[in-house]
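Subject: Structure handover

Hello,

Please find the structure below. My notes on what was found in it follow.

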Amino acid sequence: MEGGFMLVTSPKWPICRRFCSLECVFELQWFNEFGIDGGPAAKFLKPKFNTVVTNISFHTGLVVTHIELKHVIGVMIALKGLGGLLFILSSSLGAYLLLLHLAFITPIVHDFYNYDIGSIQFGQLFTKFAQNCALVGALLFFLGMKNSIPKRQSNRKKAPKSKTN
């Protein structure tokens with residue numbers, strides 16, 4: 001086995017870190033397929049992204065400027081890839097980057113609200129939406145636990161030295 005693969009399957013790693021390291025492997029595949037136009041991800045996301053932009057414009061009255069989808073996909077790949085790597089190393093910044101990624105991409109990709117409740121797509125998309133919400137909760141729990149642990153204080157008061165004459 002390769003060293004990197006042993007890290008992923010090591011029983012010493014918590015389950016969320018193993019999952020995150022596997023997600024980084026999938027992000028590498030998205031990166032390799034990116035191409036000039038954004039790759040297959042752009043073809044998949046284009047109708048969903050346009051629907052969200054139309055809904056935002058209709059309900060808020062704001063005009064959303066044209067955004068190149070390949071730039072959005074590039075930023076999402078970077079957020080998930082860098083956030084995943086930093087999260088594996090127990091960095092709070094990595095958790096914040098993954099939260100940003102999930103907050104942006106979840107309502108676009110898992111658009112269960114555009115389907116009837118009885119349809120098969122509704123059930124599948126709602127399940128995946130709920131799973132991403134659970135991941136957001138896990139990241140918030142991680143951040144809460146990380147911030148509740150007191151940091152080491154390097155400025156401890158040292159015992160006074162006795163003077164010798």
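I start with a pocket. The lining of the second largest pocket divides into six nonpolar, three polar and four charged residues; here Ala, Val, Leu, Ile, Met, Phe, Trp, Tyr, Cys and Pro count as nonpolar, Asp, Glu, Lys and Arg as charged, and the others, Gly among them, as polar. This is a predicted model, in which local features need pLDDT of at least 70 and side-chain atom pairs count only at pLDDT 80 or more, while totals for chains, interfaces and linings use all residues. Residues are numbered from 1 along each chain as its sequence is written, and side-chain values use heavy atoms, with hydrogens and water left out.

The space in the second largest pocket is about 270 Å³. A pocket is an open set of points on a 1 Å grid over the protein atoms alone, where a 1.4 Å probe fits, with protein on both sides within 12 Å along at least five of seven lines; lining residues have an atom within 4 Å of a point. The volume is the space filled by probe spheres set on the points, which are joined across faces, edges and corners. There are 13 lining residues, and Lys 46, Asn 50, His 66, Ile 67 and Leu 69 are the closest to the centre. Two or more lining residues come from each of helix 3 (39-60) and helix 4 (69-88), and helix 3 gives the most, with five.

Lys 43 is also in helix 3. Lys 43 is exposed, with a relative accessible area of 58% (exposed is over 50%, buried under 20%, partly exposed in between, with a 1.4 Å probe and protein chains only). From Lys 43 to Leu 69 the C-alpha distance is 9.3 Å, across 26 residues of sequence.

As for the whole chain, the secondary structure comes to six helices and zero strands; helices (H or I, at least four residues) and strands (E, at least two) are DSSP runs, numbered from the N terminus. Of the 165 residues, 29% count as buried. Among contacts (heavy atoms within 4.5 Å) with a separation of 6 or more, 60% join residues 24 or more positions apart.

Lastly, the unreviewed UniProt entry annotates residues 85-109 and 129-149 as "transmembrane region"; such annotations may be inferred rather than shown by experiment, and the positions follow the numbering used here, with feature names shortened. Residues 85-109 are 88% helix and 0% strand, with end C-alpha atoms 23 Å apart. For residues 129-149, the end C-alpha atoms lie 31 Å apart, and the span is 95% helix and 0% strand.

Regards
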